Amino acid sequence: MPVVIAREGRIAVVTIDNPPVNALSQALRQDLFDAAESLDGDGDVDAVVLICAGRTFIAGADVNEFGKPPQPPHLPDVVSRVERAAKPWIAAVHGSALGGGLEVALGCRFRVATASASLGLPEVKLGLVPGAGGTVRLPRLVGAAAAVEMVTGGAPVDARKAAAMGLVDHVVDGDLRSFAVEFAQDVVGKPLPRPIADRAVAAVGDGFWEAAEKTVGAKAKREIAPLRALACLRKASEASFDAAMAFERETFLELRGSPQAAALRHVFFAERAASRPAELAGIASRDIRSAAVIGGGTMGAGIAAALRDAGLPVILIERDTAAVERGLANIRGIFDAAVKRGRLTAEAAAARMAGVSGGDDYRLLADTDLVIEAVFEDLAVKHAVFATLSAVCRPNAVLATNTSYLDPERIGEGIAGPERFLGLHFFSPAQVMKLLEIVPTAATAPDVLATGSALARLLGKIPVRAGICDGFIGNRILKVTRAQAERLLLSGATPAAVDAAMRAFGLPMGPFEAQDLGGLDIAAFQRQAARARGETPFAPVADRLCEMGRFGQKAGAGWYDYADGGRTPSPSPVVEQVVAELGDGKTRRHWDEASIADAIILPVVNEGAAILRDGVALRPADIDLVKIHGYGFPRWRGGPMHHAEQRGLQAVVEILRQLADEGLADPPGQGLLQAAAAGDFSSALAQ
Ligand code: NAI
């Protein structure tokens, strides 16, 4: 039974015990409803405390019921039943009261919470609006402005902030249950506040809703749920309670069936699966209590900052004392920037920095649990680093390389204890980007792989297992994107049109502006290496631009011109000239936004299918996560593989065939054809 009723004198204590997170399953909804009915009829009860067992209050809907037809009793009816109970209910919150959990608490007459509790309505993050009165009751309790922030942003608030805004009546320092029971005894016989449903939303100033629409709309871009949530809140303030409830329900049900909600659910489940990979179930990870980073450049500094953000002490090793100082300054620069942006207090930044020590003597690492190498992308340099690490580190210390393109099998040659070695590929800036590609070699032990996943969780990152190939998953796909972008130019599109189309698709930046920002030199260097291996990477325009020193923003010129060292791109006549010289003119065609997006994204899908077929990615959803968390692919589209399945894989095959006929993409490969025949990627290609 998920609900148990106990007595403390004339107070009933309703305890929900539905592990792991007291999710609102059908059985729990029924039990809560029944509890409200039976306690109403119980003459020995004056008030009711609603509390949860385990680590949290009701943390939300039951994910097992996501996307399925709702079964009665429906949550709005349960919340109303609690709200209309003859005795006052007091919600006693610890852990998280999220989504339906907070809506149940809003049905109670009072809310008390532990200081560490957080409360929120995160539905927009799943492409939804709250569905059980959240948008209708919250503004009645805390006012429209605070409700707009909470509901359209989806971020939870902590208990103190909740108390300051009137969402919580008391923040509890001692034992939650005993406080809540005393609180209940105290309110008995006193005049009670009206149920929230019977209150009105406090009046807002002229133009409030129009201004909110602008701000929320600008932030949401093409995501639909935030503006729909705002419309619900507006209805709640302008119409009757019942009309607003009906409007919210209608909006909820409509969004639940929307492609965006399906995409966001897909990503939610993909993240859960990637964070705790089934293939590593039951395998204990190694203890990681201290870490070291070798190399304090762009990546090393970011990785060190990420490790410190997670609370691990960090040792930075560089080549010499001057380089150590530069590396430490790079790390300090990251924390200083966080202070400037208001993300970190000056004290917190100082504490983060205090946990970093530096040196050029590898013997400092004799006791370190995890070492991540981020030195130059040069096999000989990396070999030398790992030879030293083999000699100085404990035999069970985990050793990782952050290489982008070198083969970890080669880097790992000669390491003492090769089972403890793996690739941990971070994305730049490493303290921000959530993706962590985990790249085992043939020798990597399962518990070392499990340690990689555990590290990702500790750092708040999403681990994706990648097999060894040039570029692993993310950079292998990036090469396709860049090649496609050039093909578009050579067939009549302009950099500005391609970038605009990709922004319209939902990416934060188009491929050309992204290259100008990051610099064209690194990719040029990689193409050089590829050519030395006998490969033939396609980048005729980029090659020419690099010959001309047009390396991007830092050079004042790249795919665009940048006047006076500025960052504002303007179309470049030089690039136009280069494109005209290189393009054969025969395949020039008209490109609109949709056809540009197809010509960039669908070849990515084709490559994704090849990556699955090669076993470099285990699951199609992993490729989606790589694109979302490493490259800014819009989450609400669910990633390229999900996007392609929504489009229909046969249709994708057809478009690729047409592009291939015009010489504008590779033809659909075996992986994609197999998936199209099977109807989806998972049944055809998942490992
Ligand atoms: P970087 O050039 O900014 O930094 C490399 C640092 O390593 C320098 O500070 C250098 O002094 C230090 N170093 C060189 N040899 C050393 C040695 N023997 N012992 C100690 N320190 C040494 O390079 P970046 O961009 O940070 O790249 C580092 C690694 O990360 C490379 O393998 C790169 O492929 C990889 N990577 C780079 C990404 C990027 O976006 N820059 C993204 C993901 C991986």
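Predicted model: local features only at pLDDT ≥ 70, side-chain atom pairs only at ≥ 80, totals over all residues.
Residues are numbered from 1 along each chain as its sequence is written, and side-chain values use heavy atoms, with hydrogens and water left out.

Okay, domains. An automatic or database assignment sets the bounds, and we get domain 1 (3–256), domain 2 (288–465) and domain 3 (474–686). Between the centres of domains 1 and 2, taken over C-alpha atoms, there are 42 Å.

Now the rings. There are eight aromatic pairs here; rings of Phe, Tyr and Trp (its six-membered ring) pair if their centres lie within 6.5 Å, and planes under 30 degrees apart are stacked, over 60 edge-to-face, the rest tilted. Take Phe179 and Phe183: that pair is tilted, 6.0 Å centre to centre with 40° between the planes. Both sit in helix H7 (residues 176–187), four residues apart, about one turn. By helix I mean a DSSP run of H or I, at least four residues, numbered from the N terminus.

So, is Phe183 buried or exposed? Buried, at 16% relative accessible area, while Phe179 is partly exposed at 22%. The cut-offs are under 20% for buried, over 50% for exposed, and partly exposed in between (1.4 Å probe, protein chains only). Ring pairs also bring Phe110 into a cluster with those two, Phe179 and Phe183.

Last one: Arg487 lies over the face of Phe538, 4.8 Å from the ring centre. The rule there is CZ of Arg or NZ of Lys within 6 Å of the centre and within 35 degrees of the ring normal.

Notes: Helix = DSSP H or I, 4+ residues; strand = E, 2+ residues; numbered from the N terminus.
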